[in-house]
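Please have a look at the chain below before reading on. The paragraphs after it take up a few places in turn.

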Amino acid sequence: MIERIHLRILRQIERDGSLTAAAKSLHLTQSALSHAIRKLEDQAGTAIWRREGRRIRLTPAGDYLLAAAERLLPQLERLDTVLADYAAGQYGTLRIGMECHPCYRWLLKIVAPYLATWPGVDIDVIQAFRFGGMAALFNHDIDILVTPDPLAKRGVVFEPVFDYEQVLVVATGHRLAGREYVTAEALADEVLLSYPVDPARLDIFTELLGPAHVTPRRHKTLESTDIMLQLVAAGRGVSALPRWLVDEYAAELAITPVRLGPAGIAKQIHLGARRASLEEPPIAGFLEAARAGPSNTA
(Lines give C-alpha, C1' and ligand atoms only; values in the text may rest on other atoms or scores of the structure.)
Protein backbone atom coordinates (compact mmCIF):
# COMPACT_ATOMS: atom_id res chain seq x y z
CA MET A 1 0.00 0.00 0.00
CA ILE A 2 2.70 2.47 1.02
CA GLU A 3 5.03 3.49 -1.80
CA ARG A 4 8.23 5.47 -1.53
CA ILE A 5 6.66 8.41 -3.38
CA HIS A 6 4.11 8.83 -0.59
CA LEU A 7 6.89 9.19 1.97
CA ARG A 8 8.84 11.52 -0.28
CA ILE A 9 5.79 13.76 -0.77
CA LEU A 10 5.19 14.14 2.95
CA ARG A 11 8.86 14.82 3.67
CA GLN A 12 9.05 17.39 0.89
CA ILE A 13 5.91 19.21 2.04
CA GLU A 14 7.41 19.40 5.52
CA ARG A 15 10.66 20.80 4.07
CA ASP A 16 9.15 23.23 1.55
CA GLY A 17 6.06 24.28 3.45
CA SER A 18 3.50 24.01 0.64
CA LEU A 19 2.08 21.65 -1.97
CA THR A 20 3.20 23.90 -4.82
CA ALA A 21 6.82 24.07 -3.66
CA ALA A 22 6.93 20.34 -2.86
CA ALA A 23 5.52 19.44 -6.29
CA LYS A 24 8.20 21.59 -7.94
CA SER A 25 10.98 19.97 -5.89
CA LEU A 26 9.73 16.50 -6.81
CA HIS A 27 9.22 17.39 -10.49
CA LEU A 28 5.51 16.58 -10.23
CA THR A 29 2.42 18.57 -11.02
CA GLN A 30 0.44 19.64 -7.98
CA SER A 31 -2.44 17.58 -9.32
CA ALA A 32 -0.30 14.43 -9.55
CA LEU A 33 1.00 15.00 -6.03
CA SER A 34 -2.50 15.40 -4.59
CA HIS A 35 -3.76 12.41 -6.54
CA ALA A 36 -1.01 10.18 -5.11
CA ILE A 37 -1.95 11.07 -1.53
CA ARG A 38 -5.68 10.81 -2.26
CA LYS A 39 -5.14 7.30 -3.62
CA LEU A 40 -3.23 6.35 -0.46
CA GLU A 41 -6.02 7.77 1.71
CA ASP A 42 -8.61 5.72 -0.20
CA GLN A 43 -6.57 2.54 0.26
CA ALA A 44 -5.83 3.20 3.93
CA GLY A 45 -9.33 4.37 4.75
CA THR A 46 -8.08 7.41 6.67
CA ALA A 47 -7.15 11.02 5.90
CA ILE A 48 -3.45 11.95 5.67
CA TRP A 49 -3.91 15.72 5.58
CA ARG A 50 -6.58 18.39 5.77
CA ARG A 51 -6.69 21.71 3.98
CA GLU A 52 -7.08 24.80 6.13
CA GLY A 53 -7.36 27.61 3.62
CA ARG A 54 -4.07 27.61 1.74
CA ARG A 55 -2.33 25.59 4.41
CA ILE A 56 -2.03 21.83 4.79
CA ARG A 57 -2.31 20.28 8.24
CA LEU A 58 -1.35 16.64 8.75
CA THR A 59 -3.71 14.33 10.59
CA PRO A 60 -2.35 11.96 13.28
CA ALA A 61 -1.98 9.35 10.52
CA GLY A 62 -0.07 11.91 8.43
CA ASP A 63 2.20 12.77 11.36
CA TYR A 64 2.96 9.07 11.80
CA LEU A 65 3.81 8.70 8.11
CA LEU A 66 6.01 11.80 8.19
CA ALA A 67 7.99 10.38 11.12
CA ALA A 68 8.36 7.11 9.22
CA ALA A 69 9.49 9.02 6.12
CA GLU A 70 12.22 10.85 8.06
CA ARG A 71 13.44 7.50 9.40
CA LEU A 72 13.07 5.25 6.35
CA LEU A 73 13.91 7.43 3.37
CA PRO A 74 17.58 7.98 4.34
CA GLN A 75 17.97 4.21 4.61
CA LEU A 76 16.34 3.62 1.22
CA GLU A 77 18.45 6.35 -0.37
CA ARG A 78 21.54 4.83 1.19
CA LEU A 79 20.49 1.47 -0.27
CA ASP A 80 20.18 3.01 -3.73
CA THR A 81 23.65 4.51 -3.45
CA VAL A 82 25.25 1.28 -2.25
CA LEU A 83 23.66 -0.80 -5.01
CA ALA A 84 24.74 1.73 -7.63
CA ASP A 85 28.29 1.62 -6.27
CA TYR A 86 28.35 -2.18 -6.37
CA ALA A 87 27.04 -2.08 -9.93
CA ALA A 88 29.93 0.23 -10.81
CA GLY A 89 32.44 -2.09 -9.15
CA GLN A 90 32.94 0.21 -6.15
CA TYR A 91 32.22 -0.14 -2.44
CA GLY A 92 30.92 3.41 -2.03
CA THR A 93 31.18 5.37 1.21
CA LEU A 94 32.06 4.03 4.64
CA ARG A 95 30.12 6.06 7.20
CA ILE A 96 31.81 6.48 10.55
CA GLY A 97 30.01 7.90 13.58
CA MET A 98 31.95 9.60 16.37
CA GLU A 99 30.84 9.57 20.01
CA CYS A 100 33.85 11.38 21.42
CA HIS A 101 35.43 14.68 20.40
CA PRO A 102 39.14 13.80 20.84
CA CYS A 103 38.73 10.48 18.99
CA TYR A 104 38.60 12.49 15.77
CA ARG A 105 42.33 13.22 15.93
CA TRP A 106 43.03 9.52 16.44
CA LEU A 107 40.75 8.66 13.52
CA LEU A 108 42.70 10.91 11.15
CA LYS A 109 45.76 8.70 11.71
CA ILE A 110 43.76 5.67 10.56
CA VAL A 111 42.00 7.27 7.60
CA ALA A 112 45.07 8.10 5.48
CA PRO A 113 46.51 4.55 5.27
CA TYR A 114 42.99 3.12 4.88
CA LEU A 115 42.20 5.33 1.89
CA ALA A 116 45.51 4.37 0.31
CA THR A 117 44.67 0.67 0.72
CA TRP A 118 41.03 1.03 -0.38
CA PRO A 119 40.95 3.38 -3.41
CA GLY A 120 37.34 2.41 -4.19
CA VAL A 121 36.00 3.49 -0.79
CA ASP A 122 35.26 7.03 0.40
CA ILE A 123 34.83 7.97 4.06
CA ASP A 124 32.23 10.19 5.66
CA VAL A 125 32.55 11.09 9.35
CA ILE A 126 29.46 12.00 11.36
CA GLN A 127 29.86 13.67 14.72
CA ALA A 128 27.86 11.08 16.67
CA PHE A 129 27.73 13.14 19.82
CA ARG A 130 24.94 15.10 18.12
CA PHE A 131 22.77 12.04 17.59
CA GLY A 132 22.17 8.59 19.04
CA GLY A 133 25.17 6.55 17.95
CA MET A 134 23.66 3.15 18.63
CA ALA A 135 20.39 4.10 16.96
CA ALA A 136 22.31 5.31 13.91
CA LEU A 137 24.17 1.99 13.76
CA PHE A 138 20.98 -0.07 14.00
CA ASN A 139 19.25 2.16 11.43
CA HIS A 140 22.15 1.76 8.97
CA ASP A 141 22.81 5.51 9.04
CA ILE A 142 26.43 4.66 9.89
CA ASP A 143 28.57 1.57 9.35
CA ILE A 144 31.05 1.95 12.22
CA LEU A 145 30.71 3.68 15.58
CA VAL A 146 33.80 5.08 17.32
CA THR A 147 33.25 5.35 21.07
CA PRO A 148 35.11 5.07 24.38
CA ASP A 149 31.94 3.79 26.07
CA PRO A 150 30.52 0.77 24.23
CA LEU A 151 27.07 -0.58 25.06
CA ALA A 152 26.35 -4.30 25.00
CA LYS A 153 23.57 -4.76 22.45
CA ARG A 154 22.52 -7.86 20.58
CA GLY A 155 23.59 -7.74 16.95
CA VAL A 156 26.43 -5.25 17.53
CA VAL A 157 30.08 -6.14 18.10
CA PHE A 158 32.54 -3.74 19.74
CA GLU A 159 36.28 -4.20 19.47
CA PRO A 160 38.88 -2.25 21.50
CA VAL A 161 41.52 -0.84 19.18
CA PHE A 162 43.37 1.81 21.20
CA ASP A 163 44.35 1.99 24.89
CA TYR A 164 44.84 5.33 26.61
CA GLU A 165 44.68 7.06 29.99
CA GLN A 166 42.26 9.86 30.80
CA VAL A 167 44.15 12.59 32.68
CA LEU A 168 43.64 16.05 34.07
CA VAL A 169 45.28 18.73 31.94
CA VAL A 170 46.42 21.93 33.66
CA ALA A 171 48.64 24.89 32.87
CA THR A 172 52.32 24.26 33.59
CA GLY A 173 52.22 26.90 36.34
CA HIS A 174 49.04 25.59 37.92
CA ARG A 175 49.05 24.63 41.61
CA LEU A 176 48.22 21.01 40.65
CA ALA A 177 50.97 20.69 38.04
CA GLY A 178 53.71 18.30 39.09
CA ARG A 179 51.54 16.29 41.47
CA GLU A 180 51.66 12.53 41.17
CA TYR A 181 47.86 12.52 41.00
CA VAL A 182 44.86 14.67 41.89
CA THR A 183 41.96 13.82 44.17
CA ALA A 184 38.34 14.84 43.71
CA GLU A 185 38.63 17.27 46.63
CA ALA A 186 41.48 19.07 44.88
CA LEU A 187 39.08 19.99 42.06
CA ALA A 188 36.36 21.49 44.25
CA ASP A 189 37.64 25.03 43.69
CA GLU A 190 38.43 24.63 39.98
CA VAL A 191 36.68 25.65 36.78
CA LEU A 192 36.23 22.41 34.84
CA LEU A 193 36.16 22.68 31.06
CA SER A 194 34.61 19.87 29.05
CA TYR A 195 32.88 19.07 25.79
CA PRO A 196 29.08 19.58 25.69
CA VAL A 197 28.32 16.05 26.89
CA ASP A 198 26.02 14.95 29.71
CA PRO A 199 28.16 14.73 32.90
CA ALA A 200 26.82 11.19 33.33
CA ARG A 201 28.99 10.28 30.32
CA LEU A 202 32.14 12.11 31.43
CA ASP A 203 34.72 9.92 33.19
CA ILE A 204 35.91 12.68 35.49
CA PHE A 205 32.40 12.84 36.95
CA THR A 206 31.57 9.12 36.97
CA GLU A 207 34.99 7.85 38.08
CA LEU A 208 36.31 10.64 40.33
CA LEU A 209 34.00 13.49 41.31
CA GLY A 210 30.73 11.57 41.61
CA PRO A 211 31.91 8.82 43.97
CA ALA A 212 33.44 11.48 46.24
CA HIS A 213 30.31 13.67 46.09
CA VAL A 214 32.41 16.61 44.89
CA THR A 215 31.41 19.22 42.30
CA PRO A 216 33.79 21.71 40.70
CA ARG A 217 33.32 25.41 41.40
CA ARG A 218 32.10 25.83 37.83
CA HIS A 219 31.53 23.52 34.88
CA LYS A 220 31.87 25.16 31.47
CA THR A 221 31.38 23.37 28.11
CA LEU A 222 33.10 24.08 24.79
CA GLU A 223 32.97 22.45 21.36
CA SER A 224 36.57 23.10 20.29
CA THR A 225 39.54 21.15 21.65
CA ASP A 226 41.91 23.89 20.49
CA ILE A 227 40.04 26.64 22.35
CA MET A 228 39.64 24.46 25.43
CA LEU A 229 43.38 23.85 25.68
CA GLN A 230 44.16 27.50 24.98
CA LEU A 231 42.00 28.38 27.99
CA VAL A 232 43.73 25.74 30.10
CA ALA A 233 47.15 27.08 29.10
CA ALA A 234 45.97 30.59 30.07
CA GLY A 235 44.98 29.36 33.52
CA ARG A 236 41.23 29.79 32.92
CA GLY A 237 40.36 26.24 33.92
CA VAL A 238 41.31 22.55 33.88
CA SER A 239 40.04 19.69 31.75
CA ALA A 240 40.06 15.90 31.49
CA LEU A 241 41.40 14.53 28.20
CA PRO A 242 43.36 11.54 26.84
CA ARG A 243 47.04 11.65 27.80
CA TRP A 244 48.12 11.09 24.19
CA LEU A 245 46.15 14.16 23.11
CA VAL A 246 47.62 16.30 25.87
CA ASP A 247 51.12 15.15 24.91
CA GLU A 248 50.54 16.22 21.30
CA TYR A 249 49.39 19.71 22.30
CA ALA A 250 52.08 20.09 24.97
CA ALA A 251 54.63 20.68 22.20
CA GLU A 252 52.82 23.96 21.40
CA LEU A 253 51.06 24.97 24.63
CA ALA A 254 52.17 25.38 28.25
CA ILE A 255 50.07 22.49 29.54
CA THR A 256 50.83 19.30 31.44
CA PRO A 257 48.93 16.10 32.34
CA VAL A 258 48.24 14.90 35.89
CA ARG A 259 46.87 11.47 36.79
CA LEU A 260 43.23 11.35 37.93
CA GLY A 261 43.21 9.54 41.26
CA PRO A 262 45.96 7.26 42.56
CA ALA A 263 45.10 4.45 40.13
CA GLY A 264 44.37 6.66 37.12
CA ILE A 265 41.50 6.19 34.68
CA ALA A 266 42.24 3.63 31.96
CA LYS A 267 40.17 3.86 28.78
CA GLN A 268 39.92 2.31 25.33
CA ILE A 269 38.63 3.48 21.98
CA HIS A 270 36.20 0.89 20.63
CA LEU A 271 34.90 0.37 17.13
CA GLY A 272 31.35 -0.94 16.91
CA ALA A 273 29.74 -2.55 13.88
CA ARG A 274 26.66 -4.61 13.14
CA ARG A 275 27.54 -8.29 13.48
CA ALA A 276 26.00 -9.00 10.08
CA SER A 277 28.32 -6.40 8.49
CA LEU A 278 31.63 -7.62 9.89
CA GLU A 279 32.47 -9.65 6.79
CA GLU A 280 31.86 -6.76 4.39
CA PRO A 281 35.31 -5.99 2.93
CA PRO A 282 35.36 -2.20 3.59
CA ILE A 283 34.33 -2.67 7.22
CA ALA A 284 36.65 -5.60 7.85
CA GLY A 285 39.43 -3.59 6.21
CA PHE A 286 38.84 -0.59 8.44
CA LEU A 287 38.90 -2.72 11.58
CA GLU A 288 42.19 -4.21 10.42
CA ALA A 289 43.63 -0.74 9.76
CA ALA A 290 42.56 0.39 13.25
CA ARG A 291 44.20 -2.61 14.89
CA ALA A 292 47.43 -1.85 13.04
CA GLY A 293 47.17 1.88 13.73
CA PRO A 294 48.96 4.05 16.29
CA SER A 295 49.25 2.55 19.76
CA ASN A 296 49.71 4.52 22.93
CA THR A 297 49.18 3.03 26.35
CA ALA A 298 50.84 5.88 28.23
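The model is a predicted one. Rolling a probe the size of a water molecule over the atoms shows where empty space is left. The largest pocket has a volume of about 420 Å³. Its lining is made up of 29 residues, and the closest to the centre are Cys100, Tyr195, Val197, Arg201 and Leu202. By type, the lining residues divide into 19 nonpolar, 4 polar and 6 charged. Several elements supply at least two lining residues each: strand E6 (156-171), strand E8, helix H7 (203-212), strand E10 (238-242) and strand E12 (265-274). Which of them gives the largest share of the lining? That is E10, with 4 residues.

Next comes helix H10, which spans residues 281-291. Its buried residues are Pro282, Ile283, Gly285, Phe286, Leu287 and Ala290. What covers these buried residues includes strand E3 (92-98), helix H5 (103-117), strand E4 (121-127) and strand E5 (144-147). E6 and E12 are also part of that cover, and both supply residues to the lining of the largest pocket as well.

Side chains of opposite charge can pair when their charged atoms come close. Glu159 forms a salt bridge with Arg291, and the closest N and O atoms are 2.4 Å apart.

A search of the whole structure finds 13 salt bridges. One of them joins the side chains of Glu77 and Arg11, at 2.7 Å from N to O.

Another salt bridge is formed by the side chains of Asp203 and Lys267, at 3.1 Å from N to O. This pair links helix H7, which holds Asp203, with strand E12, which holds Lys267, and the two residues are 64 residues apart. Asp203 is buried, with a relative accessible area of 12%. Lys267 counts as buried because its relative accessibility is 10%. Elsewhere, Arg105, Lys109 and Glu248 are linked in a network of salt bridges.

Two single residues remain. Glu190 is in the loop between strand E7 (181-182) and strand E8 (191-194). Leaving out residues up to four places away in sequence, Glu190 touches His174, Arg175, Leu176, Pro216, Arg217, Arg218 and Val238.

Gln127 lies in strand E4, one of the elements that cover the buried residues of H10. At 25% relative accessibility, Gln127 is partly exposed. Beyond residues up to four places away in sequence, Gln127 touches Met98 and Tyr104. Gln127 and Glu252 are 125 residues apart in sequence, and their C-alpha atoms are 26 Å apart in space.

Methods: Residues are numbered from 1 along each chain as its sequence is written. This is a predicted model: local features need pLDDT of at least 70, side-chain atom pairs count only at pLDDT 80 or more; totals for chains, interfaces and linings use all residues. Side-chain values use heavy atoms; hydrogens and water are left out. Contact means heavy atoms within 4.5 Å. On a 1 Å grid over the protein atoms alone, a cavity is a set of points where a 1.4 Å probe fits but cannot get out, and a pocket is an open set with protein on both sides within 12 Å along at least five of seven lines; lining residues have an atom within 4 Å of a point. Grid points are joined across faces, edges and corners, and a volume is the space filled by probe spheres set on the points. Ala, Val, Leu, Ile, Met, Phe, Trp, Tyr, Cys and Pro count as nonpolar, Asp, Glu, Lys and Arg as charged, and the others, Gly among them, as polar. Buried means under 20% relative accessible area, exposed over 50%, partly exposed in between (1.4 Å probe, protein chains only). A salt bridge is a side-chain nitrogen of Lys or Arg within 4 Å of a carboxyl oxygen of Asp or Glu.
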